[in-house]
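Work through the exercises below with the sequence and the model in view. Each task is followed by a solution in steps.

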Protein chains: 2
Amino acid sequence: MARRRYGCRVTAGTAARRGRIDKRAAILEAALRTFIRDGYGLARVEAIAELAGVAKPTVYNHFGDKETLFRVFILDGASRTSDHMIAALAALAALADDGDGDGDDLAGDLSRVAREVIDCQLTEEGWVLQRLMYAEAARFPDLFDEALARGGARLHNALAGRLAHRGRLELADPDTAAAHFLALISGDLPALSALGTRKVSDAELRTAIAAGVDTFLLAFAPGRRPAGRDTRRGWRAAAMDSGNRT
Amino acid sequence: MARRRYGCRVTAGTAARRGRIDKRAAILEAALRTFIRDGYGLARVEAIAELAGVAKPTVYNHFGDKETLFRVFILDGASRTSDHMIAALAALAALADDGDGDGDDLAGDLSRVAREVIDCQLTEEGWVLQRLMYAEAARFPDLFDEALARGGARLHNALAGRLAHRGRLELADPDTAAAHFLALISGDLPALSALGTRKVSDAELRTAIAAGVDTFLLAFAPGRRPAGRDTRRGWRAAAMDSGNRT
DNA sequence: ACTATATTGAACGATCGGGTTCAATCAATC
DNA sequence: GATTGATTGAACCCGATCGTTCAATATAGT
C-alpha cells in the first residue's frame with residue numbers, strides 16, 4: 001500500500017469542530033456542487049464524499065449526519081453571501097455636507113449598489129442557497145429563520161441604514177424603502193435566470209437594474225427625475241389613443 | 001371479499017387520459033398534500049396512493065411514472081392559480097370616459113387587485129408550486145419554462161394590459177410597470193410567511209400592500225399623492241438631525 | 001349476458017442510500 | 001519513540017422505494 005499524504009490536523013483553537021480544516025472545506029465545496037445538481041433529498045452523502053476526495057466516514061466524522069452537513073452549509077453560505085452584499089453597500093456612502101452638490105450621483109450610486117448586490121445573488125452559491133431554502137422550508141423551519149437572520153435581514157437592515165443617511169431621499173420608513181429597492185431591482189431575476197439555471201445577459205441585467213432604480217427614484221426622490229421621464233408621459237398618451245385592450 | 005363500489009369510467013372524449021376521473025382528481029389532491037410535506041424527491045408514490053385511497057398500480061395506470069405525475073401536477077396547478085389571479089384583475093377595469101372623475105379610485109382598485117393576487121399566492125397550493133419550482137428548477141428546466149408561460153407570464157401580461165388602459169398612470173412601458181407592481185406588493189411575502197410555512201396576519205398583509213401600492217403610485221402616478229406623503233418628508237429631516245448610522 | 005377496461009391487495013425484483021464497523025495507516029504533538 | 005486523533009478502503013446492515021406482476025373483482029357500454 002502506497003504512502004499516504006495528508007494536511008494539518010485542527011488545532012485546539014477550533015475544538016468545537018472535528019477533523020482537518022482542509023477536508024472540511026473540501027466537503028463543503030463538494031456539498032455545494034452536489035446540492036446544485038440534486039437538491040437536498042436526492043443528494044447522496046457518498047457522492048459528496050467522492051467529489052470531496054475523502055472517505056464517507058470522514059464526512060460523518062466532520063458533520064455527524066447528512067442533516068447537520070446541510071444546516072452548516074446553508075448557514076455558512078447565508079452569512080458569506082450576505083457579507084459580500086453588505087460590503088457592496090459601501091457605494092452608498094452618506095452624502096458629504098457640502099451643499100447641493102454637483103458631485104452627488106444618487107442614481108449612479110444606487111445603480112452600482114444594485115449591480116453588485118445582484119451579482120452576489122447571481123452566483124451559483126447564491127442561487128443554490130435560495131433554491132434549497134424554498135425546497136426545504138417546510139422540513140426545516142428553524143433553519144429558514146436563522147438563515148434569514150444571518151442573510152436577508154442583515155442586508156435589509158444595512159441598506160435601510162444607508163438609505164436613511166444618504167440624503168436627498170424622502171423616506172417615510174427606511175425599512176420600507178430598503179425592501180422596495182431590493183424588490184424593484186431583483187423582481188425580474190427569477191424569470192430572467194430561470195431560477196438561477198441560466199445565465200442572464202449583461203444587457204438584460206442593465207435594463208432591469210435601470211428600470212428598478214428609475215422607479216425607486218420616482219417614488220423616493222421625486223425631485224430627481226430620471227432620464228426617461230418624458231418618455232413615460234408620451235407613452236400614456238399613445239395608449240389612450242390606441243384604445244385597445246390586451 | 002366485500003363488494004366494491006366505484007365511480008364512473010372516463011368516456012371516449014378524454015381518450016388522452018386513462019382511468020376514472022374521480023380517481024385522477026383524488027391522486028392529484030393527494031400529491032399536493034404529499035409534495036407540501038416532503039417535496040418531490042422524498043415524496044413516495046405509495047404515500048400518495050394511500051392518501052388518495054387508491055392502489056399504487058392505479059397511480060401508475062393514470063400517470064405512468066412519478067415524474068409525469070409531478071409534471072402534470074405542476075402545470076395544472078400553474079394554470080389554475082394564474083386563472084384565479086387573472087380573474088382578480090377585473091377590479092382594474094379601464095377608466096370610464098367621463099372626465100376627471102370623482103368616481104375614480106385608482107389606489108383602492110390597485111389595493112383590491114393586490115390583495116386578491118396575494119391571497120391566491122398565499123394558498124397552500126400557491127406556495128407549494130413555488131417551492132417545488134425552485135427546488136426542481138435544475139432537474140426539470142423545461143418544466144419551469146412551461147409553468148412560467150402558463151402562470152407568471154400570463155398574469156404579468158394581463159396586468160400590463162390592464163395598467164395600460166387604466167388611465168391616469170404614466171407608463172414608459174406597461175411591462176415594467178406590471179413587473180414592478182407585482183414586485184412591490186409581494187416582495188415581503190417570502191420573509192413574512194417563511195416561504196409559505198407560516199400564516200401571515202391580516203394586519204401585516206394590509207401594511208405590506210398599502211406600502212407597495214403607495215410606492216407604485218408615487219412612481220407611476222405622481223400627480224396622485226398617497227396619504228403618507230408629508231410623513232415621508234418629515235422623517236427625512238429627523239434622520240438628518242439624529243446623525244447616526246446603523 | 002358479454003366484452004373490455006379499470007381497479008385492487010398482495011407480493012415481488014432490483015437497486016439504493018444513510019449510517020456503521022474495522023484494522024491499517026498517517027500525522028501531529030510531546 | 002510513544003501516544004492520540006484523523007483518515008482510509010472495504011464491507012456491512014437494514015430499511016426503503018420505484019416500478020411491476022398477478023388473479024380476482026368491479027364497472028360501463030353494447
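**Exercise 1. Chain A as a whole**

What percentage of the 246 residues of chain A count as buried?

Solution. The structure is a predicted model, in which local features need pLDDT of at least 70 and side-chain atom pairs count only at pLDDT 80 or more, while totals for chains, interfaces and linings use all residues; side-chain values use heavy atoms, with hydrogens and water left out. Residues are numbered from 1 along each chain as its sequence is written, and chains are lettered from A and ligands numbered from 1 in the order in which they are written.

- Step 1. Buried means under 20% relative accessible area, exposed over 50%, and partly exposed in between, with a 1.4 Å probe and protein chains only. In chain A, 45% of the 246 residues count as buried.
- Step 2. Helices (H or I, at least four residues) and strands (E, at least two) are DSSP runs, numbered from the N terminus.
- Step 3. A contact means heavy atoms within 4.5 Å.

**Exercise 2. Cysteines**

How many disulfides does the structure hold over all chains? Classify Cys120 of each chain, A:Cys120 and B:Cys120, as buried or exposed.

Solution. 

- Step 1. A disulfide is a pair of cysteine sulfur atoms within 2.5 Å. The count over all chains is zero.
- Step 2. A:Cys120 has a relative accessible area of 16%, so it is buried.
- Step 3. B:Cys120 is at 14%, and therefore counts as buried.

**Exercise 3. Two helix pairs in chain B**

Describe how α4(B) packs with α8(B), and how α5(B) crosses α11(B).

Solution. Axes are lines fitted to C-alpha atoms, for helices over the stretch in contact, and angles run from 0 to 180 degrees between N-to-C directions.

- Step 1. Helix α4 (residues 66-88) and helix α8 (residues 152-166) of chain B have axes 9 Å apart, at an angle of about 15 degrees. That makes α4(B) roughly parallel to α8(B); angles under 35 degrees count as roughly parallel, over 145 as roughly antiparallel, 65 to 115 as roughly perpendicular and the rest as oblique.
- Step 2. The α4(B) side of the contact includes B:Met85 and B:Ile86, and the α8(B) side includes B:Leu155 and B:Ala158. By class, four residues are nonpolar, two polar and two charged. Here Ala, Val, Leu, Ile, Met, Phe, Trp, Tyr, Cys and Pro count as nonpolar, Asp, Glu, Lys and Arg as charged, and the others, Gly among them, as polar.
- Step 3. The axes of α5(B) and helix α11 (residues 202-220) of chain B come within 10 Å and cross at roughly 130 degrees. The pair is therefore oblique.
- Step 4. Among the residues in this contact are B:Leu110 and B:Ile118 of α5(B) and B:Ile209 and B:Phe216 of α11(B). The contact has ten nonpolar, one polar and four charged residues.

**Exercise 4. Loops of chain B**

Where does B:Ala194 lie, and what is the phi of B:Leu195?

Solution. 

- Step 1. B:Ala194 is in the loop between α10 (189-192) and α11, with phi near 50 degrees, a positive value in a residue other than glycine. At 2% relative accessible area, B:Ala194 is buried.
- Step 2. B:Leu195, in the loop between α10 and α11, has a positive phi of about 60 degrees although it is not a glycine. B:Leu195 is buried at 4%.
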